[in-house]
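Please open the model in your viewer and keep the selection panel at hand.

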Amino acid sequence: MKIIVTGGAGFIGSNFIYYMMAKHPEDKIVCYDALTYAGNLETLENAMGNANFKFVRGDITSRAHVEAFFAAEKPDIVVNFAAESHVDRSIETPDIFLRTNILGTGVLLDCCRKYGIKRYHQVSTDEVYGDLPLDRPDLFFTEETNLHTSSPYSASKASADLLVQAYHRTYGVPATISRCSNNYGPYHFPEKLIPLMIANALADKKLPVYGTGENVRDWLYVEDHCVAIDLILRKGRVGEVYNIGGHNERTNLQVVEAILQELDKPASLIEFVEDRKGHDRRYAIDPAKIHEELGWVPATSFDAGIRKTIQWYLAHKCWWQNILSGDYQKYYERMYGKRTKLEYAK
Ligand code: NAD
Ligand code: DAU
């Protein structure tokens with residue numbers, strides 16, 4: 001089996017490659033990645049020597065290049081992780097999100113039609129469902145929940161999902177979609193909540209919590225996401241959407257406090273700052289379908305996962321400090337430098 005993993009030099013894609021190499025060593029994996037600011041070849045260092053692994057640099061929006069790549073590789077399966085993935089950046093510059101996340105998905109689907117594949121899998125997000133109110137803990141996103149997006153990022157991901165469904169129905173492309181909740185774990189780019197807070201706490205820098213910190217996310221350890229995608233590829237029904245999440249809801253403030261406690265740092269590092277525009281209040285997945293159909297259950301609790309993640313960041317300082325030393329500083333200054341500080345009693 002030959003599997004193309006687009007976006008495999010990023011956070012979840014790289015974890016997926018390592019998971020698949022260990023679980024199915026007989027499969028051939030080709031990573032196709034443009035190496036944007038979020039892609040990092042150092043992340044794939046431990047895969048490079050494997051005879052069944054290959055890296056190809058390329059942009060999923062470059063139709064001619066992607067076509068030549070498909071013609072040369074003749075993949076059985078395509079798993080599309082490639083995307084612009086950060087909500088804050090999508091609020092700053094939506095264009096690139098539309099190009100990569102929508103047009104890029106369209107190019108991949110056209111190549112799947114033209115060259116024929118056994119399965120196209122779209123890695124989507126729970127953000128396509130919009131958000132849930134904070135005072136209704138009984139509500140969850142199911143696969144039947146209407147698409148109702150808030151940010152340019154989530155709108156681009158929802159558009160891509162619609163394209164995948166259209167190509168399945170119109171052209172018979174054998175496609176599946178998964179919509180996962182917030183991931184965390186090794187190789188998470190430090191612009192995102194958990195690694196950003198770990199890096200800042202270790203440097204005794206302020207921890208910028210948006211708004212009141214009461215927004216809720218449903219956290220999943222990244223390896224549990226990889227297991228779920230592998231199951232969908234092998235046993236999932238073509239044409240179906242599968243939600244992935246493990247009932248690990250936490251407010252942002254609870255997440256930040258857990259990090260501070262684990263690192264033995266003071267709560268005085270927390271700084272409440274101007275909220276994200278259009279900030280989604282709560283995400284919460286109902287994973288009943290993937291549990292009942294495919295037997296998937298998450299293996300890692302939030303408490304165990306956050307400890308493992310912090311240990312990984314402590315043991316791999318070079319990996320994230322290299323990132324922080326580059327263009328990231330300019331991003332940080334742009335995103336946080338002028339943000340109004342808010343005063344709440346902690
Ligand atoms: P990431 O930003 O860490 O990685 C994205 C990767 O895609 C990078 O390696 C980047 O170089 C590559 N890429 C970007 N544009 C490209 C292009 N035009 N052509 C080829 N490669 C390109 O993202 P992530 O957090 O690993 O997310 C991966 C996928 O999972 C995304 O589709 C995202 O929407 C989805 N997702 C993420 C989460 C999460 O919590 N991080 C949760 C659910 C779904
Ligand atoms: O739900 C899945 C989604 O999770 C994925 O589709 C996205 O690709 C991924 O980035 C993530 O989106 P979020 O916006 O939920 O993740 P982020 O880490 O950016 O923020 C998590 C929460 O923390 C959110 O409520 C905003 C808040 N936050 C974030 C940052 C970076 C802060 O309070 N301060 C911060 O500095």
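In which order do the three strands of the open sheet stand? The order is E8-E13-E14, and the pairing is mixed. Before making selections, note that this is a predicted model, in which local features need pLDDT of at least 70, side-chain atom pairs count only at pLDDT 80 or more, and totals for chains, interfaces and linings use all residues. Residues are numbered from 1 along each chain as its sequence is written, chains are lettered from A and ligands numbered from 1 in the order in which they are written, and side-chain values use heavy atoms, with hydrogens and water left out.

**First stop: the open sheet**

Strands (E, at least two residues) and helices (H or I, at least four) are DSSP runs numbered from the N terminus, and two strands pair if DSSP finds at least two bridges between them. Select 207-210 for strand E8 and 341-342 for strand E14: each stands at an edge with a single partner strand, so one side of each lacks a neighbour in the sheet.

**Second stop: ligand 1**

Now display distances. An N or O atom in the Tyr153 side chain lies 2.6 Å from an oxygen atom of ligand 1, while one in the Asp59 side chain is 2.9 Å from a nitrogen atom of the ligand. Taken alone, ligand 1 exposes 840 Å², of which the protein buries 96%; accessible areas come from the Shrake-Rupley method with a 1.4 Å probe.

**Third stop: the cysteines**

A disulfide is a pair of cysteine sulfur atoms within 2.5 Å, and by this rule the count is zero. Select Cys111 and Cys112: the sulfur of Cys111 has its closest cysteine sulfur in Cys112, 7.2 Å away, which is too far for a bond. Cys111 is buried, at 1% relative accessible area, whereas Cys318 is exposed, at 61%. Buried means under 20%, exposed over 50% and partly exposed in between (1.4 Å probe, protein chains only).

Key. A polar contact is a pair of N or O atoms within 3.5 Å; within protein, one must be able to donate a hydrogen and the other to accept it, and residues adjacent in sequence count only if both atoms are side-chain atoms.
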